Amino acid sequence: MQPTSVPYPLGVSIVGGGDENSGVNVAVYSETADAVYFCVFDDHDRETRIRLENRSGHVFHDLVPGIGPGTRYGLRVDGEWNPAAGLRHNVHKLLLEPHARAISGDYRWDQTLFGHDMNEPTRMDRTDSAASMPRCIVTGSTFDWDDGGADRPPRVPLAETIVYETHVKGFTKRLDAVPPDIRGTYAGLAHPEAIRHLTELGVTSIELMPVHQFVQDSHLLEAGLRNYWGYNSIGFFAPHGEYSAAGDGGGQVDEFKAMVKALHAAGLEVILDVVYNHTAEGNHLGPTLSFKGIDNASYYRLVEGEEDAYFDTTGTGNSLNVSHPLALGLIMDSLRYWVTEMHVDGFRFDLATTLTRQGGDAALHSAFLDLIAQDPVLAPIKMIAEPWDTAGYQVGGFPADWSEWNGKFRDDVRDFWRGGDSLLSTTSQRILGSPDVYEAGRRAPLSSVNFITAHDGFTLADLTAYAEKHNAANGEDNADGESDNRSANSGAEGPTEDAAVNERRGRQRRNLLATLLLSAGVPMLLGGDEIARTQGGNNNAYAQDNEISWYDWAAADHDLLAFTKQLIALRRAYPALRPPWFRQAPNGHSVNTVQILRSDAAEFSDDEWNDPSARTITFVFGFEGGDAFALLLNSASNGVEFTVPPAPHAEWQLALSSDDEQVVAGAVSTLIVQNTSFTLLQSRAG
């Protein structure tokens with residue numbers, strides 16, 4: 001039977017044998033277009049336009065014969081140009097197809113990329129953009145997930161998860177053990193030496209900064225900079241081509257899959273940082289690269305009554321229209337594709353609050369959240385929200401089966417170790433998994449993704465070495481980036497030969513790492529913090545695709561690395577250090593217990609919790625008869641004598657301390673905890 005054109009799935013789908021003699025079904029949704037053209041480019045970059053002759057509902061579709069993997073293509077969409085009505089069709093502009101699996105080439109930033117006249121924004125520009133645009137690539141499904149052994153996603157339980165946030169390029173670009181031709185690529189991250197570092201460190205889940213195809217901003221290129229972070233997406237199905245050792249001609253798809261398979265074989269999950277809240281097309285003065293020219297008002301949220309303007313809660317110029325089925329369908333199709341075809345294990349949603357705004361306000365039962373909850377492919381997958389956008393802070397506002405970046409953990413723990421006032425109460429909440437945020441909604445500590453540092457802000461080394469940001473390299477006169485960093489330099493700004501300053505910095509790094517990895521919740525470690533990676537005080541290195549951001553393995557702090565490995569090993573070995581709940585079992589026996597005590601081992605009174613001068617606290621953790629631990633914290637500027645609570649099992653032994661000179665010998669009733677330091681004691685059961 002002769003195949004017929006169908007309106008679903010959207011995008012370009014191979015029909016037939018999948019070879020160069022195959023054909024494709026092309027389906028493009030637009031409520032406002034008059035005509036849609038599938039534009040094929042040959043080896044000499046000559047364009048052939050094929051009009052999609054069929055229309056089902058709002059989907060233009062057709063079968064195009066003679067098209068196979070490797071074919072380069074784009075779209076053109078004809079229709080009304082009327083920005084005041086939200087209509088921005090311009091047939092002179094070559095457009096990226098929204099469901100393209102691979103994208104090849106760069107942009108030539110000039111007038112041709114803009115649907116409007118840059119001197120008169122309401123007037124259509126009639127110059128052709130094809131010479132300035134990348135091309136989409138037809139891809140086939142040839143990767144064998146079973147070759148050399150079937151791929152098995154690790155499915156790490158959330159209670160055992162330790163997230164490692166990293167960057168595909170930055171992680172291996174300066175890693176000498178990786179061959180030069182694959183450094184900074186998906187293949188580089190899959191190299192055994194790269195994987196060895198991750199497995200020996202002990203993390204379970206690798207969270208990759210954006211790998212969707214993104215756009216290099218013209219203003220950065222003009223300044224001699226590049227978008228390093230990648231929060232400027234344009235292709236939600238395409239792995240970013242610049243990260244592929246195989247080039248961007250389609251081989252990036254299989255290279256990404258091979259990376260995932262290698263990480264899975266090592267027991268490591270792959271979580272993607274995804275940017276569905278906006279696209280690289282910007283506001284009404286931005287370029288026309290894809291969605292604007294296809295169906296502007298369906299893909300983007302426009303200002304009611306001023307449809308030439310874009311409603312923006314992302315700070316980038318536009319926000320996706322998550323109240324429309326087209327935009328929601330794009331997001332859902334993309335998520336399912338990365339799970340089913342690329343085998344990823346979870347997602348971290350950039351500015352996730354924007355995705356919950358249907359009528360303007362964030363909603364717990366928004367269509368976006370409800371669609372994920374009922375989807376059998378996505379419901380079991382790790383979902384992590386960045387629970388804010390430019391219009392609101394929503395920590396604690398996501399569903400119970402989601403986790404959230406907990407900015408309160410970062411802020412309160414930083415302040416505690418800086419010696420801030422009146423912080424015992426909030427710090428104890430953070431260490432216990434932020435029950436003040438989550439317990440009212442019957443949510444577990446695992447709802448909280450705890451972090452001290454992330455890509456956005458200081459690294460751990462810089463947090464303890466700089467009191468001020470140093471962002472001159474960004475070309476914005478040091479005006480960009482957060483000014484209130486809750487950082488401290490220990491008496492000198494930046495690198496120093498002062499041994500006392502360096503000793504205090506090292507101790508503070510160990511304090512912060514220990515608080516992160518000994519707290520209830522899901523810890524997230526910023527990649528490179530374990531080796532004291534520095535960005536020279538730059539806390540907004542989004543445009544530093546260079547040695548400022550790339551990991552300097554030659555300068556690694558191996559003592560800090562060994563300490564971090566020891567911390568992670570303790571957390572993974574003992575359930576008491578990663579409690580899923582602090583609750584009483586129905587029979588009255590404690591499933592998981594915690595005691596919170598003063599430094600003299602007495603309980604706190606209500607007034608003492610709010611004592612602005614209090615800087616010391618003891619936590620005693622136990623879990624179902626297993627080993628117990630006592631965590632003694634002292635953020636004061638002087639040493640403090642702690643009364644050690646009775647050991648539940650065998651006598652207390654020293655497990656770990658940020659004080660290199662801490663000693664615990666035999667039975668102890670008191671212990672001096674040095675200024676700004678912690679001591680962790682262990683009582684072994686049986």
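Predicted model: local features only at pLDDT ≥ 70, side-chain atom pairs only at ≥ 80, totals over all residues.
Trainee: Let's start with helices α14 and α15. At what angle do their axes cross?

Mentor: Roughly 20°, and the axes come within 10 Å. Helix α14 covers residues 499–517 and helix α15 covers residues 558–573.

Trainee: And what does that make α14 relative to α15, roughly parallel or roughly antiparallel?

Mentor: Roughly parallel, because angles under 35 degrees count that way.

Trainee: Is the crossing left-handed or right-handed?

Mentor: Right-handed, as α14 passes α15.

Trainee: Okay, which residues meet there?

Mentor: From α14 you have Arg509, Arg510, Leu513, Ala514, Leu516 and Leu517. On the α15 side they meet Leu560, Phe563, Thr564, Leu567, Ile568 and Arg571.

Trainee: How do the residues of that contact divide into nonpolar, polar and charged?

Mentor: There are 8 nonpolar, 1 polar and 3 charged.

Trainee: Switching to aromatics. How many aromatic pairs does the structure hold?

Mentor: 35 of them. One is phenylalanine 291 with tyrosine 299, an edge-to-face pair with 4.9 Å centre to centre and 65° between the planes.

Trainee: Are those two buried or exposed?

Mentor: Phenylalanine 291 counts as buried because its relative accessibility is 1%, under the 20% cut-off. Tyrosine 299 is buried too, with a relative accessible area of 3%.

Trainee: What about phenylalanine 416 and tryptophan 417, how do their rings pair?

Mentor: They're edge-to-face, at 5.1 Å centre to centre with 80° between the planes. Phenylalanine 416 is buried, at 2% relative accessible area, and tryptophan 417 is buried with 2% as well.

Trainee: Back to Phe291 and Tyr299. Which cluster do ring pairs link them into?

Mentor: The cluster also takes in Phe236, Tyr276, Tyr300, Tyr310, Phe347, Phe349, Phe368, Phe398 and Trp402.

Trainee: New topic: where does aspartate 659 lie?

Mentor: In the loop between β32, residues 653–657, and β33, residues 670–673.

Trainee: A loop aspartate, then. Buried or exposed?

Mentor: Aspartate 659 is buried, since its relative accessible area is 12% and the cut-off is under 20%.

Trainee: What does aspartate 659 touch, not counting residues up to four places away in sequence?

Mentor: Aspartate 659 touches Gln674, Ser677 and Phe678.

How values were computed:
Residues numbered from 1 in each chain as written. Heavy atoms only, no water. Axes fitted to C-alpha atoms, helices over the stretch in contact; angles between N-to-C directions. Helix = DSSP H or I, 4+ residues; strand = E, 2+ residues; numbered from the N terminus. Parallel < 35°, antiparallel > 145°, perpendicular 65-115°, else oblique. Left-handed = near helix turned anticlockwise from the far one by under 90°. Contact = heavy atoms within 4.5 Å. Nonpolar A, V, L, I, M, F, W, Y, C, P; charged D, E, K, R; others polar. Phe/Tyr/Trp six-rings, centres within 6.5 Å; stacked < 30°, edge-to-face > 60°. Buried < 20%, exposed > 50% of the residue type's maximum accessible area, 1.4 Å probe, protein only.
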